[in-house]
Amino acid sequence: MDEKVLEVKNLCTSFFTEGGEVKAVDDVSFCAYAGKTLGIVGESGCGKSVTSLSIMRLIPEPPGRIRSGQVLYQGRDLLTLGTSEMRAIRGNEISMIFQEPMTSLNPVFTIGYQVSEAIRLHQGLSWKDAYSRSVEMFELVGIPSPSKRVHEYPHQLSGGMRQRVMIAMALSCDPKVLIADEPTTALDVTIQAQILDLLRDLQQKVGMALVLITHDLGVVAEVCDEVVVMYAGRVVEQGGVREIFKNPKMPYTRGLLRSTPTLATDSIGHIRRDRLETIPGIVPNLLSLPEGCRFQERCSHVLDVCKGVEPELREVGEEAPRAHLIRCARDI
Amino acid sequence: MTTVADSGIILSVRNLVKRYPIQGGLLSKEVGSVRAVSDVSFDIKKGETFGLVGESGCGKSTLGRTILRLTEPSSGQIFFKGQDITTLNPHDLRKLRRQMQIIFQDPYASLNPRMTVESILGEPLTIHGICNSKQERRERILSLLDRCGLRRESISRYPHEFSGGQRQRICIARALAVEPDFIVCDEPVSALDVSIQAQIVNLMQDLQRDLGLTYLFIAHDLKVVQHISTRVAVMYLGKIVELASSDDLYQNPKHPYTQALLSAIPIPDPTRKRERIILKGDVPSPLQPPPGCYFHPRCPRSKEDCKIASPRLEQQSDPSRESHEVSCHYV
């Protein structure tokens, strides 16, 4: 049985705007296990990033507020912690890397200084020890000639190298959970492959739980063990990665999978170039959600019941070790 | 080049070079240059979609812009329907732009927020003196909206009232307003969500079929390029390293860079485990490209002479097959 390190229970996060309350994350629950990777996928505005920021308690208040729910880490609810207690968790226990490495690094300090600063603050080491620890970390994440590189500034590094620095910083205090919010979106494919490979290697060495937020289903298929699909603030489908890709039940997940070109070949070896299937329309405005299922306006299988009450997340099949859940009224 | 029209080639690029000078020192003397596009030649056939892929900084967007003379080429020639457009004066160039248009990556930045859809789509009509009566002009704009899958009411709206996908439809409608034959599409779907990407790709394919358009489709997403393109060219540090039909390139990549690039695409199928070629290091700086073959420092197959001699883009000598050009000493 896998060790459960982080559990998110019924998380609701809202933003209060002039137009009214925007429920960016609405009743989201999932678990992260040691040594496993959980993928959260969805399109822009589905609430995947707000979920990760809520776990880290980084939602700007106001306008945002975590309305209800629990984030359980080692038996403690992070949402009830005070500012200084939470600061001790961030970085030490749960760490995060962001999409754009250039904006997350300070341009006027050397990368060695920035990584050492994090180590000093969290682990109380001296500058000298912190520096040698950062050199070790740089070596671990595959930055060439690390003892020279610590003296360089972010602008002297390429995008891929900057992301490695961010990973080094995030892992410098041996966190149990790493949240990676679109870590490879700003990178080229060959560099993306390097970074994903690195994350997988480090996970095996360190045994952390990885929560990977992405919009790229290809990335999910390659690195995740479990997937949570989000749509308009809700979890709409959840399950083991093989099950979700082989047997997607919710029409939205199916649509997403079919709307990407696959490079699959047909029986005589030609690459299939069928017309792409599309999901008609656009994501609904979170300020004026339809009654009932949030996907109904774009769904090709819509029934009358979909327009009445919103379906609950229910179990449709059990593939060990994770249950397959969907939020859909249809019997599939 | 008189026979070009008969051979079905709409655009020919010959030895195109775009250098950007670097100024430095006290008197802003030129101290060096970046070759964004170096010695590129290819042909685009009428009615096809020519895909151009490569990583950021490889010069693919510069090449697209240079072809339209939105940036001036440093040397080389561009023939559009047999006419050398590198020597055209601004007046003739503007007339030519009726036939060649561009769609940009970011539909947020490429629409003027203070113009209505009517004036955005009407502007190219005014510039080129098409549709002189107001009635005729409005009719034309409405039919453009229909064609691009936008509601007719959109005509009096402003860009901020639309989503990303709808804005990209407006950009496509603007490019189509002057009835061009050739459109450069510079990462037209990169900024869009997956479900919207598919809508735009389908729209572009429909328009191509109905209007007989020719596309130069620039993107870094290899899956989308493969899906839409007839032929594909792969660029690395300003040079084309491989050029072949889309099927051939994806199934039988010959250049080590193309092989690595294709193996790096994440495939949405968790049961398919592939042999990955992970390239070491980063793309070198175009300021100081490595000697010999530009790819040799990262190439798994590189040998001594790769560091000295630069390979040329050459036809693979297999006449039974379709044209497949590769620039590598060891293919």
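This is a predicted model: local features need pLDDT of at least 70, side-chain atom pairs count only at pLDDT 80 or more; totals for chains, interfaces and linings use all residues.
Which residue of β9(B) stands opposite B:Phe50?

**Figure 1. Strand β3 of chain B and its two parallel partners.** In β9(B), B:Arg231 is the residue that stands opposite B:Phe50. Strand β9 of chain B covers residues 231-236, and four bridges join β3(B) to it in the parallel sense. B:Phe50 also has a counterpart in β8(B), namely B:Leu216. Here β3(B) and β8(B) run parallel and share five bridges. Strand β3 of chain B spans residues 49-53, and five of its five residues are buried, so the strand is largely enclosed by the rest of the structure. Look at both faces: B:Thr49, B:Gly51 and B:Val53 are buried on one side, while B:Phe50 and B:Leu52 are buried on the other.

**Figure 2. B:Ala219 and its surroundings.** This residue belongs to strand β8 of chain B, residues 214-219. Is B:Ala219 buried or exposed? B:Ala219 counts as buried because 23 C-beta neighbours lie inside 10 Å, and the cut-off for a buried residue is 20 or more. Leaving aside residues up to four places away in sequence, B:Ala219 touches B:Val53, B:Glu187, B:Ser190, B:Val224 and B:Val225. B:Cys185 is 34 residues away from B:Ala219 in sequence, yet their C-alpha atoms are 8.4 Å apart in space.

**Figure 3. The largest nonpolar core.** This core has 179 residues. Those with the most contacts inside it are A:Val177, A:Val211, B:Leu216, B:Phe217 and B:Val234. Helix α7 of chain A, residues 159-171, gives the most to the core, with eight residues. In soluble globular proteins, nonpolar side chains tend to be buried together. For a closer look at one member, follow B:Val234: its contacts, not counting residues up to four places away in sequence, are B:Val53, B:Gly54, B:Ile240, B:Val241, B:Glu242, B:His255, B:Tyr257, B:Thr258 and B:Leu261.

Figure 4. Four strands of chain B form an open sheet in the order β2-β1-β4-β5, with antiparallel pairing. Its edge strands are β2 (29-45) and β5 (83-84) of chain B, each of which pairs on one side only. Strand β1 (residues 9-24) of chain B is joined by five bridges to strand β4 (residues 75-80) of chain B, and the two run antiparallel.

**Figure 5. The antiparallel sheet of chain A.** In chain A, four strands form an open sheet in the order β2-β1-β4-β5, and the pairing is antiparallel. The edges are β2 (20-33) and β5 (76-77) of chain A, each pairing on one side only. Strand β4 of chain A, residues 64-73, pairs with β5(A) in the antiparallel sense over two bridges.

**Figure 6. Helix α5 of chain A.** This helix has 14 residues (127-140) and reaches 20 Å from its first C-alpha to its last, close to the 20 Å expected at 1.5 Å a residue. Its buried residues are A:Ala130, A:Tyr131, A:Arg133, A:Ser134, A:Val135, A:Met137 and A:Phe138. They pack against α4 (111-123), α6 (146-149) and α7 of chain A. Just after α5(A), A:Gly142 takes a positive phi of about 80 degrees.

**Figure 7. Helix α7 of chain B and the contact between the chains.** Helix α7 of chain B (residues 194-211) reaches 26 Å from first C-alpha to last, close to the 26 Å expected for its 18 residues at 1.5 Å a residue. Among its buried residues are B:Val194, B:Ile200 and B:Met204. The buried residues of α7(B) pack against α11 of chain A, together with α6 (164-176) and α8 (222-228) of chain B. Across the two chains, 39 residues of chain A are in contact with 34 residues of chain B. The largest share of chain A's side, seven residues, comes from α8(A). By class, that side has 16 nonpolar, 14 polar and nine charged residues.

Note on methods. Residues are numbered from 1 along each chain as its sequence is written. Chains are lettered from A and ligands numbered from 1 in the order in which they are written. Two residues are in contact if their C-beta atoms, placed from the backbone, lie within 7 Å. Ala, Val, Leu, Ile, Met, Phe, Trp, Tyr, Cys and Pro count as nonpolar, Asp, Glu, Lys and Arg as charged, and the others, Gly among them, as polar. Two strands pair if DSSP finds at least two bridges between them. A nonpolar core is a set of buried Ala, Val, Leu, Ile, Met, Phe, Trp, Tyr and Cys residues joined through C-beta atoms within 7 Å. A residue is buried if 20 or more other C-beta atoms lie within 10 Å of its own, exposed if 12 or fewer, and partly exposed in between; C-beta atoms are placed from the backbone. The expected span of a helix is 1.5 Å times one less than its number of residues.
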